[in-house]
Amino acid sequence: MTSAPVQASANADAASDLACFGWSARAWAAPWRAFRRAHPDLQVGDALELGAGEHSSLAPLLLPLAERVECSAYDAAVLPAIEARHRASLPPAEAARMHWAQRDLHALAGRWDLIVMKSVLGGVHRTHNSRLADVHATLERLRTQHLRPGGWLLTLDNGRTALEPLWSRFGARRNGWRFFAAEDFPPAAEHRSFGVFSSFAAATRLGAFGQRIDDALYAADLALTPLARQHAVHLHVYRAPA
């Protein structure tokens, strides 16, 4: 942990945080924002994003929390585009605190104060080639082997709602992507979740008309989230012993 608070720039703070989440951005951002409100003074030395992609990367959102931020992707070929997007949206002084690298979750080396993953576990542990026990083992390995004492592991994952049978033949689900019920995760220090309909983005397929559909579904999610037992987005926090 660091004793010197990091002064985040207005750009990184106001941070087009929605742009960082890619599709269904408001639904993904809701539990993240709730976590940030609960920990307004969180400051660490080194942060790592695992599994950044061409369309979404949370690394800029870690700049207000960390002195140094590493943005990693499994596919090295996408790193130049991710880096270019970050540099275009951040002041030079903020971009100078970031590093971009290829990292494989299964062959990770090193320790950090904060590790963040968005929509990674479902792709790494697909339903046809893994079990929930493998998901639990991955989380425990990250917590015990790759966090410094007192470190934080945040994982944002796709949730399995009551509407899942309707979506089962579409998108990533056809390729075995794992969608999680809340009880699929090991006990966490914190759990936050959001949404019922926010399992896909109509705007990515239908443009402006799809955006209106997404707006209506998000409004419905705001009303239904407190009533639903299962949600479309889960955020879990795991801590390393101090």
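## Threonines, salt bridges and a pocket

Thr225 touches Ser193, Phe194, Gly195 and His231, leaving out residues up to four places away in sequence; a contact here means heavy atoms within 4.5 Å. This is a predicted model, where local features need pLDDT of at least 70 and side-chain atom pairs count only at pLDDT 80 or more, while totals for chains, interfaces and linings use all residues. Residues are numbered from 1 along each chain as its sequence is written, and side-chain values use heavy atoms, with hydrogens and water left out.

So where does Thr225 sit? Look in the loop between α10 and β7 (233–239). Helices (H or I, at least four residues) and strands (E, at least two) are DSSP runs, numbered from the N terminus. Thr225 counts as buried, at 13% relative accessibility. The scale goes like this: buried is under 20% relative accessible area, exposed is over 50%, and partly exposed is in between (1.4 Å probe, protein chains only).

Now hop over to Thr161, in the loop between β5 and α9. Thr161 is buried too, at 5% relative accessibility. Setting aside neighbours within four places in sequence, Thr161 is in contact with Gly195, Val196, Gln230, His231 and Ala232. Gly195 and His231 turn up in the contacts of both threonines.

Next come the charged pairs. A salt bridge is a side-chain nitrogen of Lys or Arg within 4 Å of a carboxyl oxygen of Asp or Glu, and the whole structure has 13 of them. Here are some:

| Pair | N to O distance | Relative accessibility |
|---|---|---|
| Glu140 and Arg143 | 3.0 Å | Glu140 39% |
| Arg160 and Asp184 | 3.5 Å | Arg160 34%, Asp184 11% |
| Arg192 and Glu190 | 3.0 Å | Arg192 25%, Glu190 15% |

Salt bridges that share partners also join Asp46, Glu67, Arg68, Asp113 and Arg148 into one network.

Back to the pairs in the table. Why are Glu140 and Arg143 separated by about one helical turn? Because they are 3 residues apart in helix α8 (residues 132–145). Glu140 is partly exposed. The Arg160 and Asp184 salt bridge links distant parts of the chain, 24 residues apart. Arg160 is in the loop between β5 (147–158) and α9 (164–167), and Asp184 is in the loop between α9 and β6 (190–194). Arg160 counts as partly exposed, whereas Asp184 counts as buried. Likewise, Arg192 is partly exposed and Glu190 is buried.

What about cysteines? A disulfide is a pair of cysteine sulfur atoms within 2.5 Å, and the count comes to 0. For Cys20, the nearest cysteine sulfur is that of Cys71, 9.9 Å away. Cys20 is buried at 7% relative accessibility, and Cys71 is buried at 0%.

On a 1 Å grid over the protein atoms alone, a pocket is an open set of points where a 1.4 Å probe fits, with protein on both sides within 12 Å along at least five of seven lines; lining residues have an atom within 4 Å of a point. The second largest pocket holds about 250 Å³ of space, a volume being the space filled by probe spheres set on the points. Its lining has 16 residues, with Ser24, Ala25, Arg26, Gln211 and Asp214 nearest the centre. Which helix gives the largest share of that lining? α10 does, with 6 residues. Both α3 (25–38) and α10 (203–224) supply at least two residues each.
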